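Please walk me through this structure. I am new to it and would like a plain account of its inside and its surface.

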Amino acid sequence: MKAIEFAFLAIGAIFGAYIRYKITSFPVIFGIVGSNVLVVNVIGSFILGIFSVISVYMNLDSKYIFLIAIGFCGSLTTMSSFALENIVMLENKLLLQMIINILSNVFLSLIAVYGGRILISQILK
């Protein structure tokens, strides 16, 4: 990894982590445990979907992949918090809520990536 790539990675990670912290530190959205993590995962997935098309379309240098895809989106989205929340739900015998949380995170994140890719592809035509 080149020094410039490391710098871009670090800058993206700082901003992504800060935004994740701000969103997940709000009171629980919709009164549902896990909803804040769902929000950051879906937003990050949408941004990654958009960026995955833009980076190819504009033939972006790899340092921008380090900045946006790996740094920003990687630290904005959070698998570890998602996993912890689901284990806590399981331990508290909130099985239905856990299943809804898992399905929501996985499917809405997939839809967000796909939606971002479709949206930006249409805009760039």
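A residue is called buried when its relative accessible area is under 20%, exposed when over 50%, and partly exposed in between (1.4 Å probe, protein chains only). This is a predicted model, where local features need pLDDT of at least 70, side-chain atom pairs count only at pLDDT 80 or more, and totals for chains, interfaces and linings use all residues. Residues are numbered from 1 along each chain as its sequence is written, and side-chain values use heavy atoms, with hydrogens and water left out.

Phe8 has a relative accessible area of 18%, so Phe8 is buried. Tyr64, at 31%, is partly exposed. Rings of Phe, Tyr and Trp (its six-membered ring) pair if their centres lie within 6.5 Å; planes under 30 degrees apart are stacked, over 60 edge-to-face, the rest tilted. The count is one aromatic pair. The ring centres of Phe8 and Tyr64 are 5.6 Å apart and the planes stand at 90°, so this pair is edge-to-face. Phe8 belongs to helix H1 (residues 3-24) and Tyr64 to helix H3, 56 residues apart. Helices are DSSP runs of H or I with at least four residues, numbered from the N terminus.

On helix H5 lies Ile111, which is exposed because its relative accessible area is 56%.

Key:
Helices (H or I, at least four residues) and strands (E, at least two) are DSSP runs, numbered from the N terminus.
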